[in-house]
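Reader: Hey, can you walk me through this one? I'd like to go through it bit by bit.
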Amino acid sequence: MQPIIDRHFVDLKIDTERHTKGADVAKSLRGDRGGGIPWMVITDSAGAEIVTSDGPKGNCGCPVTEDERAWFVEMVRRSAPSVETAELATIE
């Protein structure tokens, strides 16, 4: 799956405890939204939010259930218009 993610996204992990200003960056992205950790946001190249891991049934930060996996695939679909059907199937 990682090659697909790498083809369509720049993957950036923010560690709120170890990165200098990590908590500030996370707060600027998440705002006051609650939920679990990990939490994801996909932005455009200007930093505008496209979609987050806050799906219809809550945060799918670590997508293991069927609903969480479905939301993660939807996140990819919404934010990577060039993603191919076969790639989505692999992710799913």
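Reader: Is Lys 27 buried, exposed or partly exposed?
Author: Lys 27 counts as partly exposed, at 46% relative accessibility in this predicted model. The cut-offs are under 20% relative accessible area for buried, over 50% for exposed, and partly exposed in between (1.4 Å probe, protein chains only).

Reader: And which side chain does Lys 27 meet in a salt bridge?
Author: That of Asp 32, at 2.6 Å from N to O. A salt bridge here is a side-chain nitrogen of Lys or Arg within 4 Å of a carboxyl oxygen of Asp or Glu. Asp 32 counts as exposed, at 71% relative accessibility.

Reader: Before I go on, what are the ground rules for a predicted model like this?
Author: Local features need pLDDT of at least 70, side-chain atom pairs count only at pLDDT 80 or more, and totals for chains, interfaces and linings use all residues. Residues are numbered from 1 along each chain as its sequence is written, and side-chain values use heavy atoms, with hydrogens and water left out.

Reader: What's the mean pLDDT of the chain?
Author: The mean is 94, and 100% of the residues reach 70 or more. pLDDT is the predictor's confidence in each residue, from 0 to 100.

Reader: Where is confidence lowest, and where highest?
Author: Lowest in helix α2 (residues 22–30), with a mean of 93, and highest in strand β2 (residues 49–52), at 97. Helices (H or I, at least four residues) and strands (E, at least two) are DSSP runs, numbered from the N terminus.

Reader: Back to salt bridges. How many are there in the whole structure?
Author: A search of the whole structure turns up nine. One of them links Arg 18 to Asp 15, with the closest N and O atoms 2.7 Å apart. Arg 18 is exposed, with a relative accessible area of 72%.

Reader: What about Glu 74 and Arg 78, which helix are they in?
Author: Both lie in helix α3, four residues apart, about one turn of the helix.

Reader: OK, new topic. Which residues touch the most other members of the largest nonpolar core?
Author: Phe 9, Phe 72, Met 75, Val 76 and Ile 91, out of 15 residues in that core. The elements giving two or more residues to this core are α1 (2–8), α3 (66–79) and α4 (85–91). The largest share, five residues, comes from α3. A nonpolar core means a set of buried Ala, Val, Leu, Ile, Met, Phe, Trp, Tyr and Cys residues joined through side-chain atoms within 4.5 Å.

Reader: What is Phe 9 in contact with, leaving aside neighbours within four places in sequence?
Author: Ile 42, Val 76, Ser 79 and Ala 80. Contact means heavy atoms within 4.5 Å.

Reader: And His 8, is that buried or exposed?
Author: His 8 is buried, with a relative accessible area of 16%, and is found in helix α1. Leaving aside neighbours within four places in sequence, His 8 is in contact with Ala 80, Ser 82, Val 83 and Glu 87.

Reader: Last one: where does Leu 29 lie?
Author: In helix α2. Leu 29 is partly exposed, with a relative accessible area of 29%. Beyond neighbours within four places in sequence, Leu 29 is in contact with Ile 14, Trp 39, Val 41 and Glu 49.
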